[in-house]
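Work through the exercises below with the sequence and the structure at hand. Each task is followed by a solution in steps.

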Amino acid sequence: MTEHRPAPASLDNPLYYLENMDILVAWVADHHGDLLTAAERQRLKRFARLDTGSRALLTRMVMRTGELFRTDKLRYPELPVPEADALAVLQQGGWLDDEPELTLDDLFRLFTLAELRPVFGPWLQRQGQPGTLGKARMRSLLADAFSEPGPLKAWLGEAAQGTAAGVVELQDMALFERIRLMFFGNLRQGWTDFVLVELGVQQFEMVPFTPDSRAFRHRAEVDSYLQIHQCRERLDNGEAAADVWPRVPEPVDNPWLAGRRDRLLLELGRQAERQGDRPLALQVWAASEHREARLRQLRLLERMKRFDEAWAIACQWQTNELSDAEVQGLSRILKRLAARVGEPAPTETPIPAIREFTVDLPKPEVGSVEWVALQHLATEDAPLFYVENTLINALFGLLCWPAIFKAIPGAFFHPFHSGPADLMREDFVSRRQQDFDRCFKWLESADYRSQILETFGKKQGIANPFVVWPVLSGELLELAMDCIPTTHLAALFQRLLSNLKEHRSGFPDLIRFVPDADDPEQRYEMIEVKGPGDRLQDHQRRWLHFFAREGIPASVCYVRWRENERVE
């Protein structure tokens with residue numbers, strides 16, 4: 001497979017979007033050509049042979065929403081040929097259908113109220129309706145009588161002679177959507193997202209692309225993704241969960257796709273429960289490996305008073321490796337179920353106390369409560385920094401850079417990822433376990449310092465989901481490594497990896513460094529600041545309980561404002 005490193009077109013080029021489309025098509029042809037049919041590859045070759053103006057107009061249409069377009073609205077002054085000439089070429093080449101079948105909804109999307117009144121006004125008047133109806137009301141009155149699709153001429157009749165509008169329909173959107181999926185790895189991102197890279201907002205890690213690192217190994221896997229996407233669209237459009245369930249594709253031997261299927265089943269179960277189909281919700285959630293699906297299944301069984309079944313599932317699940325949130329949710333369920341099934345309540349793990357203190361301060365005219373607390377608590381010998389979720393994440397991201405950016409299937413689809421696409425998947429760590437183990441091994445010697453600082457220097461400005469470059473400095477990193485024991489860093493990083501979705505946030509606002517403290521484990525302290533009326537969130541409490549169990553210095557500072565005293 002030929003290695004191809006695309007670079008987005010310059011926005012100084014008026015046809016930048018065409019250049020970007022050519023780059024995307026070339027990338028997919030280089031890396032995924034074997035996943036396209038012979039007919040699709042031939043179609044893309046014909047696309048490349050179109051003249052510049054026709055190819056640019058087709059690209060403009062592909063990048064827009066929908067597949068139906070009014071020809072009189074296609075106005076692009078940067079085209080090197082008249083739009084009419086480009087349209088003629090595209091129609092002749094079968095890229096556009098110039099007589100598509102239009103529904104009433106299509107007509108109302110494409111034409112204005114003023115254009116539609118001459119068409120439907122006479123019929124509405126015969127029904128005793130006024131000629132001043134709004135568009136939505138007119139549409140609802142016409143729905144039953146005009147339910148059959150037809151070409152534009154059949155709809156407009158004589159009115160068509162008074163307008164220069166024609167309607168064309170794109171004929172190859174399925175192919176372009178497939179290309180978009182294979183490039184971006186999802187269908188959330190649009191064609192214009194590629195253009196944003198040129199603006200210089202971000203730099204991206206250079207990840208090698210090999211056949212073994214591809215997310216899609218077989219065409220059937222691309223088809224499966226498209227089926228999953230279509231099922232989600234059906235749910236979002238309000239279709240009954242019972243009608244969508246038979247359309248869900250069978251599981252495939254692809255961990256990345258399996259995760260997407262599990263998320264679809266989670267949502268499908270939610271919709272089934274809302275629609276009153278509880279048996280389907282249970283069936284769907286039982287088929288999903290998504291963490292949240294497990295808790296939802298147990299809660300629904302509990303509401304249905306199927307206590308013995310819920311108890312058996314909960315006890316079995318309790319033996320698995322769980323996140324803090326899962327432990328908390330499962331513990332509550334087991335406690336309720338125990339009384340229902342006549343079993344002893346599970347022994348609760350003691351919750352360590354959270355260190356707290358209160359300060360009374362004058363209320364400032366401007367500035368956040370965190371900055372006020374920082375200024376009050378900081379001393380020359382013990383400086384404070386407002387880091388919140390940035391510092392520990394950054395130390396982890398810099399140390400484990402090689403593991404985070406390892407090229408494995410489903411992680412990277414193109415050269416413009418700020419991080420791996422599977423970052424929030426449950427198997428993110430297990431698929432890279434040996435790589436993370438090697439990174440953590442550095443913490444057992446002084447090598448971790450040089451690794452972090454060297455990466456900080458070499459990768460400066462390159463996007464990483466754990467690193468916020470503007471808030472970092474070499475001095476801050478060195479001070480942190482001087483004061484935070486490696487045993488504490490290892491514990492923090494391990495918990496971070498146990499559930500990245502939950503644990504990347506919830507860190508205390510401030511960190512205090514005391515470089516000259518006699519006790520190496522007391523050379524720093526993390527401090528969460530809460531103003532009047534503010535309280536700890538669940539994920540913050542879980543971090544603070546973890547700190548207490550691990551002997552990591554942390555506390556909560558409650559700020560109270562002194563009455564009638566303000567600071568200018």
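**Exercise 1.** Leaving aside neighbours within four places in sequence, which residues is Leu492 in contact with?

Solution. The model is predicted, so local features need pLDDT of at least 70 and side-chain atom pairs count only at pLDDT 80 or more, while totals for chains, interfaces and linings use all residues. Residues are numbered from 1 along each chain as its sequence is written, and side-chain values use heavy atoms, without hydrogens and water. Contact means heavy atoms within 4.5 Å. With that cut-off, Leu492 is in contact with Ile392, Phe507, Met526, Trp543, Phe546, Phe547 and Ile552.

**Exercise 2.** State how many residues the largest nonpolar core has.

Solution. A nonpolar core is a set of buried Ala, Val, Leu, Ile, Met, Phe, Trp, Tyr and Cys residues joined through side-chain atoms within 4.5 Å; buried means under 20% relative accessible area (1.4 Å probe, protein chains only). The largest such core has 111 residues. Leu492 and Phe547 are among those with the most contacts inside it. Helix α9 (residues 173-184) gives the largest share of this core, 8 residues; helices are DSSP runs of H or I, at least four residues, numbered from the N terminus. A second, separate core of 32 residues includes Leu264 and Ala338.

**Exercise 3.** Decide whether Arg178 is buried or exposed.

Solution. Arg178 lies in helix α9. Its relative accessible area is 9%, so Arg178 is buried. Not counting residues up to four places away in sequence, Arg178 touches Leu36, Glu40, Arg219, Val222, Asp223 and Leu226.

Conventions
Buried < 20%, exposed > 50% of the residue type's maximum accessible area, 1.4 Å probe, protein only. Helix = DSSP H or I, 4+ residues; strand = E, 2+ residues; numbered from the N terminus.
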